[in-house]
Amino acid sequence: MELLIGQMFAGLSLGSVLLLAALGLSLTFGQMGVINMAHGEFIMAGAYTAFVMQQALGSAGASLLVSLPAAFLVGGAMGLILEELLLKRMYHRPLDTLLVTFGVSLILQQVARDIFGAPSVDVRVPSWLQGNVELLGAPIPLTRLFILALALACLAALALLLRVTPLGRRIRAVVVNRDLAEASGISSRRTDQLTFFVGSGLAGIAGVAVTLIGSTSPYLGPNYIVDAFLVVVAGGIGQIKGAAIAAFALGVLQSVFEFSTTASIGKVLILAAIVIFLQVRPQGIFTLKTRSLA
Amino acid sequence: MSITTTRTAAGGFPGRFSSRLSSLRQSRAGVLTAFAAAAALLLVAAPALLPVFSLSLLGKFLCFAIVAVGIGLAWGRGGMLTLGQGVFFGLGAYIMAMHMKLADAALFGGSGVPDFMALYGTGTVPGWWEPFRSPVVTVLAVVLVPGLVALVLGLAIFKRRVKGAYFAILSQALAAAFAVLLIGQQATTGGSNGLSGFRSFFGFDLADPANKRMLYLLAAVVLLVVVAAARQLMHSRFGELLVAVRDQEERVRFLGYDPATIKTVVYVLAAVMAGVAGALFVPLVGIISPADVGVTPSIAFLIGVAIGGRSTVLGPVLGTLGVAVAQTSLASSFPSFWVYFQGLLFVLVIGFLPGGLASLPAVLGRLRRKNDAGPSVPPAAAAPEIPAAPAVPAPPGMSAPTPVPAVSAAASPLAAVPAASKELRP
């Protein structure tokens, strides 16, 4: 029983990290159809923001709380710059955006290496997040619980943003039909910019979260980007609901696979599971209904 | 019908058509000459001029170029952005490496167990290594295993009409999973160290410079064969279908072809090319490790293809060779600069010159024309396209004198026809 609870929670915890990494990606993916490979480096930028904040403030607890909004702004600003300089020119060429942003991610990794050095750095965990709580006899680390709560909070905030605010309405309109949205007076330029700001900002928050469970290095991005993409693909492009379900499902599945085999074989099994799933639902869990033949 | 004949009479079409045909013939002869020159350079000049070390390095670049030909087919012609060619490259390479390890162990060790296995693991050869003791099985597997993996994956993905971004991401995930799998199996694949320290290649001593030259020549011949085959394929009906699938997949389906089959065939071909390249890479370079097959090297394969011109035959080869040479000369002395440079190459070439260097003359020409013509003289560029003032003959059975020539003199023949029939209506 403890083992089961422990495994389930490990899966949920993995899922919450995946969700944080994939939420922003799903948003920007759905918005312009661009595939932002540099999203992983935005996560890394968020992690380094937490590191810099801690160096500046000293106190682990205060710096964590300050880092969350700061990393949101840092990630958001990077996304805005990327969108303005490159992506707005090529949103009708989605596959090429993947390679362009891969180039950007190479550059950002090297920038991080030149600024912070190649060896990884550690961010201290605040005292109020150290230790475990008992859940039906299974020890649950507080940091993991915090990340789960953070992921759920981000999900709720994003859902609220999309559902009730004017910006959310505009984003949804542009995602469903860009031309029609333009025709009804929505500036798709401004909507693109704001979507990228929010989506990339979420990457920054994800970066702060991952500093609680591991060390930060310039190679952080590639560790998360592939899994985040898989979540987006399995959930359905641009579907926040789908991303949430897919993230937790993949998290639990991966922890089960890794428990019953090894970490590396678990990774391969996850990929196989996704390919098999796409045989059943080629467009992911949820699909945007359009009249397009593709 | 009548319009066509009048155009012929006006001398618009046939002249242009035949000149285009002859320039095509010329360019075909030009390509053949270029190909022969490149072949001679690779096969005769390079081995005669270069020292053995540089020759092996060039051989390594040729292996990348073989992968690039496959990517050019799949991505440039077929529109399938494959981010996982490292997997097929790695499959070919590891199969060859396993065979060479086993052969070395049998030749030099006596025990038949590769050295690293005794070091890391149980000291016994795992069952799935055993088939690769046989040289014949190895050579077959180098071709068949990547091909089969690509076939299964291609069928699973393309038959369900998973495409575009989904396909790119899945192929990328495949590369990530493959690298993780290799690293995790320390005892049987050498883990992150990979496999290295080979001494013989099918019984030939790898330390002997003559055998290194032979290996280089093998890579060069394979590259030339692959380029010739890709060219033939692209000029066949199948090649046209492939481009049609890239540009308008639904129309091809409505015409009765199955785009999934066309895509799968090309994906398998590209995988086989990558596998063979990997198998040649191992004896030439002497090591294969997960660092050569993961996500980043898999995507890095694309940059040479993009620079040279993804939809041409020779572009990917030349682009890849150029990037490899640049990397070798720059990366060792300025490693940090090289990464920035590589990133910028991706951004600039893909973002602003998607046709690659092969399209540079056309792009520059377009820019120059735009500057020359300017907005003040709009019709000048378009005017020669329209055949001048052909007379539309009166429909048979109408004897009344018609004002047609006067009308059609003002406009193109297509515009003249409705005007004329209006005039003729009683």
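Q: How do the residues of the lining of the second largest pocket divide into nonpolar, polar and charged?
A: In this predicted model, where local features need pLDDT of at least 70, side-chain atom pairs count only at pLDDT 80 or more and totals for chains, interfaces and linings use all residues, the lining divides into 26 nonpolar, 15 polar and 5 charged residues. Ala, Val, Leu, Ile, Met, Phe, Trp, Tyr, Cys and Pro count as nonpolar, Asp, Glu, Lys and Arg as charged, and the others, Gly among them, as polar. Residues are numbered from 1 along each chain as its sequence is written, chains are lettered from A and ligands numbered from 1 in the order in which they are written, and side-chain values use heavy atoms, with hydrogens and water left out.

Q: What is the volume of the second largest pocket, and which residues are the closest to its centre?
A: Its volume is about 1100 Å³, a volume being the space filled by probe spheres set on grid points that are joined across faces, edges and corners. Of the 46 residues that line this pocket, Tyr219(A), Pro222(A), Asn223(A), Tyr224(A) and Lys267(A) are the closest to its centre. H9(A) gives the most to the lining, with 8 residues; helices (H or I, at least four residues) and strands (E, at least two) are DSSP runs, numbered from the N terminus.

Q: What makes a space a cavity and not a pocket?
A: On a 1 Å grid over the protein atoms alone, a cavity is a set of points where a 1.4 Å probe fits but cannot get out, whereas a pocket is an open set with protein on both sides within 12 Å along at least five of seven lines; lining residues have an atom within 4 Å of a point. The structure holds 3 cavities of 30 Å³ or more, and the largest cavity has a volume of about 70 Å³. Its lining has 7 nonpolar, 1 polar and 2 charged residues, among them Asp227(A), Lys267(A) and Ala173(B).

Q: Why are H4(B) and H6(B) called roughly antiparallel?
A: They pack at an angle of about 160°, with their axes 9 Å apart; axes are lines fitted to C-alpha atoms, for helices over the stretch in contact, and angles run from 0 to 180 degrees between N-to-C directions. Angles under 35 degrees count as roughly parallel, over 145 as roughly antiparallel, 65 to 115 as roughly perpendicular and the rest as oblique, and H4(B) and H6(B) are therefore roughly antiparallel.

Q: Why are H3(A) and H8(A) called oblique?
A: Their axes come within 6 Å and cross at roughly 140°, and the two helices are therefore oblique to each other.
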